Amino acid sequence: MKVVILAAGEGTRMRPLTASKPKVMLPIANKPMMEHTINAAVGAGIREFLIVTGYREDAIMEHFKDGSHLGISVEYVHQEEQLGTANAIGYAKDYVKGHFIVLNGDMLVSTEHIRHLVSRSEDAIISVKEVEEPSHFGVIETEEEKVTRIIEKPKNPPTNLANAGIYLFDDVIFDYIDKTGKSKRGEYEITDSLQMMIDDGCSVGYEILTSEWIDIGRPWDMLEANKVLLENINNNHEGTVEPYATLHGNVKVGKDTIIRNGAYIVGPVVIGENCDIGPNCFIRPSTAIGNDVHIGNAVEIKNSIIMDGTKIGHLSYLGDSVIGTACNFGAGTKVANLRHDNKNVKSMVKGELVDTCRRKLGVIMGDDVHTGINTSINIGTVMEPGSSTMPGEVVMYKRKTN
């Protein structure tokens, strides 16, 4: 069986983090998001993959190549224009036969769930998640083990089973994709294709997600995914840990990295290669630090993702944040991460203030951002790639590129 990964839009919802032509894929727990997805499928015994590319195509192909270095086979097909999920899946028509699985490149799913899908034999299987507010999702209506109707964001949902966007298909799906017209959104919706299959009497079933599932649609979703994935890391120190550094729990340290005296690290934490950590810093759980990162003296970091080549100057504080590549924190930079009224943090997305559904959120910082000494960054701030601050500046919500 082959897995088709829809990656043409991988990361497009998180472009505030990257330059216009990103050279690398966004990492979670120090690996690209899509690699975690592929690893889950490999754990279920799958070795053949087709990646539908578009945005980030060069970075994806450079990372995965033909897959042989990972013990798998990877093929690619380019989606010319993003015209909906059915359109993207349609590009796989000449690459698959019989049953195949469809996964999204910016979604985490467990090996356990993929195993369940592989065991099914219907014409189509829709993965669903039991949710508290189904009216916010596409919902399925069922009769025994079959799906009878798919309803988009119903006011009065007949069930609490939300479409999770993970599918098993027989290649008959392509006949229905060919007959699918554009929706009101101007896209070819796979749910419309599925409804036609149901109406024609095809066997369309469902599989309930009981394990972890995270749709990484916004930058702050990376923090939840990072936390989940770090729970499974092993304690492994390939670098140098000086005698008076303290490491508790599972802490993974990469090659040529030095953990200097006085550093206090509480796992789960992963630190990449060629990093310089400390002295006298405090790194708290659920933190992922990439390669070539420098963490200075008396820095405190918690529950954050710090990408390659970033430098955090001494006496800085950073919590619940996502930091891009090659950023530079001036000494004494502080990031606030909690509203005083204990309400959810809001963040600016495409000019609109949105509820992040998080009680704690610091900064979402794009690549190559530089802060002046003693900069203060407010909760939920988005800093665009290449932006900078003056010494002592207070940054609120969003700072535009210079």
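Visitor: Y167 and F169: buried or exposed?

Guide: Both Y167 and F169 are buried. Buried means under 20% relative accessible area, exposed means over 50%, and partly exposed is in between (1.4 Å probe, protein chains only). This is a predicted model, in which local features need pLDDT of at least 70 and side-chain atom pairs count only at pLDDT 80 or more, while totals for chains, interfaces and linings use all residues. Residues are numbered from 1 along each chain as its sequence is written, and side-chain values use heavy atoms, with hydrogens and water left out.

Visitor: How many aromatic pairs does the structure hold?

Guide: Four. Rings of Phe, Tyr and Trp (its six-membered ring) pair if their centres lie within 6.5 Å; planes under 30 degrees apart count as stacked, over 60 as edge-to-face and the rest as tilted.

Visitor: Why do F100 and F174 count as buried?

Guide: F100 has 0% relative accessibility, so it counts as buried. F174 is at 4%, so it counts as buried too.

Visitor: How do you know that Y167 and F169 are stacked?

Guide: Their ring centres are 5.2 Å apart, with 20° between the planes. Both values fall inside the stated limits, so Y167 and F169 are a stacked pair. F100, Y167, F169 and F174 form one aromatic cluster.

Visitor: Which residues does I89 touch?

Guide: I89 lies in helix α3. It touches L6, F100, V102, F169, F174, I177 and I190, leaving aside residues up to four places away in sequence. Contact means heavy atoms within 4.5 Å. I89 has 0% relative accessibility, so it counts as buried.

Visitor: Why is helix α6 called largely enclosed?

Guide: Seven of the 10 residues of α6 (residues 190-199) are buried, so the rest of the structure largely encloses it. The buried ones are I190, T191, S193, L194, Q195, M197 and I198. Their cover includes α3 (85-90), β8 (124-130), β10 (146-152), β11 (161-169), α5 and β12 (204-208). After α6 comes G201, with a positive phi near 90°.

Visitor: Which residues make the contact of α1 and α2?

Guide: M34, E35 and I38 come from α1, and I60, H63 and F64 from α2. They divide into four nonpolar, one polar and one charged. Here Ala, Val, Leu, Ile, Met, Phe, Trp, Tyr, Cys and Pro count as nonpolar, Asp, Glu, Lys and Arg as charged, and the others, Gly among them, as polar.

Visitor: Why is M33 called buried?

Guide: M33 is in helix α1. Its relative accessible area is 1%, so it is buried. The C-alpha atoms of M33 and G105 are 7.0 Å apart, although 72 residues separate the two along the chain.

Visitor: Where are the cis peptide bonds of P268 and P279?

Guide: G267 and P268 are joined by one, with omega about 5°. P268 is in the loop between β19 (264-266) and β20 (269-271). Another joins G278 and P279, with omega about 10°. P279 is in the loop between β21 (276-277) and β22 (282-283).

Visitor: Why are N280 and N374 called partly exposed?

Guide: N280 has a relative accessible area of 46%, so it is partly exposed. N374 has 48%, so it is partly exposed as well. N280 has a positive phi of about 60° although it is not a glycine. N374, also not a glycine, has a positive phi near 60°. N280 sits in the loop between β21 and β22, and N374 in the loop between β35 (370-371) and β36 (376-377).

Terms used
Helix = DSSP H or I, 4+ residues; strand = E, 2+ residues; numbered from the N terminus.
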